[in-house]
Amino acid sequence: MSDIGDWFKSIPPITRTWFAASIAVPFIGKLGLVDPRNLMLWPEFFFSRFHLWRPVTATLYFPVYPNTGFLFLVNLYFLYHYSTRLETGAFDGRPADYVFMLLFNWICIVITGLLMNMQLLMIPLIMSVLYIWAQFNKDMIVSFWFGTRFKAHYLPWVILAFNFIIGGSFVNELIGNLVGHLYFFLMFKYPMDLGGRSFLSTPEFLYRLLPNRRGGVSGFGVPPSRRPAAQDQAGGGGGGGGGGGGGRHNWGQGFRLGGE
């Protein structure tokens, strides 16, 4: 048991909290301590009866039955593996930026779930994180089932096909990939590669709650370098997640983490 405890404590804090909640909430539903229907996202209950907890519990709950248990375990592994790599890699020392990324993805997924009448949101949020990790590490060669190897850039789409085979649906994975792409495009691709304005920025209150820090375990991935805009070349301020003061991080001044 001490080995399990040590392993659990070694998980970075944000991922550890998310991982533990994603085990606890399905376990509560499985034991019947709470009616699982009260854990799902039903638009009529959310809007007409103000069940405001449903977007949160629907993100953490997954019905565990003999025919869904394997899919649940696979997605728990994806959550642990890729969230850990992001939190200790591209977002290492920047918990506020990582929480903001999760919040942005979660809000987009909840809105989509309400519009599309989706009851369960666990898989889309996990896939959005996996997609962002894949974009940071798109040239890394990854291994998958049966010894297949390919660039990480293709991993979200391979997993979409894999989950379709074992689960019979790809809507959750597709929404997660699209939300992850939206975040990556608005936060990095458009302002840094295309020289556009920054539409996303971590709020200052998150920096006050979760100040930047240095040290920790290095993981995989690095944000793309920011293309200097005209005002930067003239001595102006930075954009995107950068800028001076307020605890904001200049993504373009990062360094590569990991050995890949």
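Predicted model: local features only at pLDDT ≥ 70, side-chain atom pairs only at ≥ 80, totals over all residues.
**View 1. The crossing of helices α6 and α9.** Helix α6 covers residues 95–116 and helix α9 covers residues 171–193. Their axes come within 10 Å and cross at roughly 135°. That angle makes α6 oblique to α9. The crossing of these two helices is right-handed.

**View 2. The residues that join α6 and α9.** On the α6 side, the contact is formed by D97, F100, M101, F104, N105, C108, I109, T112 and M116. Their partners in α9 are V171, I175, V179, L182, Y183, L186 and M187. Sorted by class, the residues of this contact between α6 and α9 comprise 13 nonpolar, two polar and one charged.

**View 3. The crossing of helices α2 and α5.** Helix α2 runs over residues 13–31, and helix α5 over residues 69–87. The two axes come within 8 Å and cross at roughly 165°. Angles over 145 degrees count as roughly antiparallel, and α2 and α5 are therefore roughly antiparallel to each other. The crossing in which α2 passes α5 is right-handed.

**View 4. The residues that join α2 and α5.** Helix α2 contributes P13, I14, T15, W18, F19, S22, I23 and P26 to the contact. These residues meet F72, L76, L79, Y80, S83, T84 and E87 of helix α5. The contact of α2 with α5 contains 10 nonpolar residues, four polar residues and one charged residue.

Terms used. Residues numbered from 1 in each chain as written. Heavy atoms only, no water. Axes fitted to C-alpha atoms, helices over the stretch in contact; angles between N-to-C directions. Helix = DSSP H or I, 4+ residues; strand = E, 2+ residues; numbered from the N terminus. Parallel < 35°, antiparallel > 145°, perpendicular 65-115°, else oblique. Left-handed = near helix turned anticlockwise from the far one by under 90°. Contact = heavy atoms within 4.5 Å. Nonpolar A, V, L, I, M, F, W, Y, C, P; charged D, E, K, R; others polar.
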